[in-house]
Amino acid sequence: FLQTMGNGDSKEQHDSSASYANADEETVEDVPSLYTGPIHSLCVVDEERLLSGGADKDVLLYQWTNHVNVARFRGPTKDVTQVVYNPRSSLIHAASRDRTIYQWKWPPDDVETTGNDSHVNTSSPSPLGVVQSDASLQGHTLGVTALACDASHDNLLFSGSRDNSVCLWDLTTGKPISSTYIPRNLVTGLQWIEQEKAVLQSSEDKTLRVWDLRSCSVTQHFRARQHVQTCCTVSEDGSYFLGGSAGGELTLWDRRQEKKFVREYRGHTESVHGCRFLSVEIGSKEHNLIASVGSDSTVKLWGRESGDVQHSEYLSGAGPVTSVVSPQPGLIACSSFKGGVFIWTMLTVDTNSILWTLNVRAKY
């Protein structure tokens, strides 16, 4: 069935510019920003470390729990548009507007490892210093806009570009397995569907597509929406897709129905730049939420089933908020153009009606 849910009036509105306090009302250290320009992408390495990339052309690995700049990765000559990390292969990949995908190994082979855990000396401000790219993938004719990888397919990388094409790469050879061009399919986002050899894609042609990587062909093409689809994400079980748009709304799809969307979420007043599904346990009950960020400088939490805005955080002076990830259960992290990176703990305000708030854990 079709539903339009949410009117943009948050039940809990908060301006984060006033102060930074954690759940115990302690002041959170506001570390000076390490960025010289907008951040376009944020990626989880583990519960304590995040990767980010943006207009300053570097990829930064940062340990937010104790504010350690672990390493800077260099190579791109223009803006970094997206960063991904594959924990199985220990490879970092960054897409750039210079038409190239850059690769780094982390941790480097000369860093001590024990079992599956990497041990890096984090006592100095920059333990690994600057790491230069050790490989690159070239084939797109315009800026690379999106990447997708999966731990169960660690020899593969999927990319999309402004050249209206997607490319599947063999990382063992550094060569493309296939490249597919579709007119007007300017790629805005990619998300690997876990446990499958398939990728969800959002496009400026206002649609979502599913690519089967075994045949490198489109197996699902969802009905066009009113506005350009700017980002996409997949539910943990792979059953539902979510697309954000330049018009400010998000659309929930059941992947079994390509022609009818399940629900719309309306509340952002400008373009949506990032979205993700969240599940939070309170007692023995699991609550399904959606987090979204946009050019209106807000971070919003939505009830997935109700469509209501459960919380809206306005980041005064941060400019567009560009990416949202979850480094730990109950935590979200977001990047921005002017405010750096924020990490929040999700807390309930009222356990009866299950309203939410965000308390800053770290900012850099």
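Trainee: Is Asp56 buried or exposed in this structure?

Mentor: The word buried stands for a relative accessible area under 20%, exposed for over 50%, and partly exposed for values in between, with a 1.4 Å probe and protein chains only. Asp56 has a relative accessible area of 17%, so it is buried. Before going on, note that this is a predicted model in which local features need pLDDT of at least 70 and side-chain atom pairs count only at pLDDT 80 or more, while totals for chains, interfaces and linings use all residues. Residues are numbered from 1 along each chain as its sequence is written, and side-chain values use heavy atoms, with hydrogens and water left out.

Trainee: What is the mean pLDDT of the protein?

Mentor: pLDDT is the predictor's confidence in each residue, on a scale from 0 to 100. Here the mean is 88, and 85% of the residues reach 70 or more. The stretch 112–126 has pLDDT below 50, and the model gives it 24 contacts beyond near neighbours in sequence. A contact is heavy atoms within 4.5 Å. Residues 1–12 also stay under 50, with 35 contacts beyond four places in sequence.

Trainee: Which residue forms a salt bridge with Asp56?

Mentor: A salt bridge needs a side-chain nitrogen of Lys or Arg within 4 Å of a carboxyl oxygen of Asp or Glu. By this rule the structure has twelve salt bridges. The partner of Asp56 is Arg72, with the closest N and O atoms 3.8 Å apart. The two are 16 residues apart in sequence, with Arg72 in strand β6 (residues 68–74) and Asp56 in the loop between β4 (49–54) and β5 (59–63), so the pair ties those parts together. Strands (E, at least two residues) and helices (H or I, at least four) are DSSP runs, numbered from the N terminus.

Trainee: What is the N to O distance between Asp58 and Arg72?

Mentor: In the salt bridge of Asp58 with Arg72, the closest N and O atoms are 3.3 Å apart. This pair links distant parts of the chain too, since Asp58 is in the loop between β4 and β5 and Arg72 is in β6, 14 residues away. Through shared partners, salt bridges join Asp56, Asp58, Arg72 and Arg74 into one network. Arg72 itself is buried, at 14% relative accessible area. Elsewhere, Arg49 bridges to Asp46 at 2.8 Å; Arg49 is buried at 10%, while Asp46 is partly exposed at 26%.

Trainee: How should I read the polar contacts of Thr207, and which side chains does its own side chain meet?

Mentor: A polar contact is a pair of N or O atoms within 3.5 Å; within protein, one must be able to donate a hydrogen and the other to accept it, and residues adjacent in sequence count only if both atoms are side-chain atoms. The side chain of Thr207 meets that of Asp205 at 2.7 Å and that of Arg209 at 3.4 Å. Thr207 is in the loop between β19 (198–203) and β20 (208–212). With a relative accessible area of 5%, Thr207 is buried. Beyond four places in sequence, its contacts include Gln201, His221 and Phe222.

Trainee: Which residues of the largest nonpolar core touch the most other members?

Mentor: A nonpolar core is a set of buried Ala, Val, Leu, Ile, Met, Phe, Trp, Tyr and Cys residues joined through side-chain atoms within 4.5 Å. The largest has 19 residues, and Val299, Leu301, Ile332, Trp344 and Met346 touch the most other members. Among the elements that give two or more residues to this core are β26 (272–282), β27 (285–294) and β28 (298–303). A second, separate core has 18 residues, including Val45, Tyr85, Tyr102 and Trp104.

Trainee: How many residues of strand β15 are buried, and with which strands is β15 paired?

Mentor: Two strands pair if DSSP finds at least two bridges between them. Strand β14 (residues 144–148) runs antiparallel to β15, with four bridges, and Val144 stands opposite Ser161. Strand β16 (residues 165–170) is also antiparallel to β15, with five bridges; there, Ser159 has Cys167 as its bridge partner. β15 and β16 form a hairpin with three residues between them, and Asn164 in the turn has a positive phi of about 70°. Six of the six residues of β15 (residues 156–161) are buried, so the strand is largely enclosed by the rest of the structure. One face holds Leu156, Phe158 and Gly160, and the other Leu157, Ser159 and Ser161.
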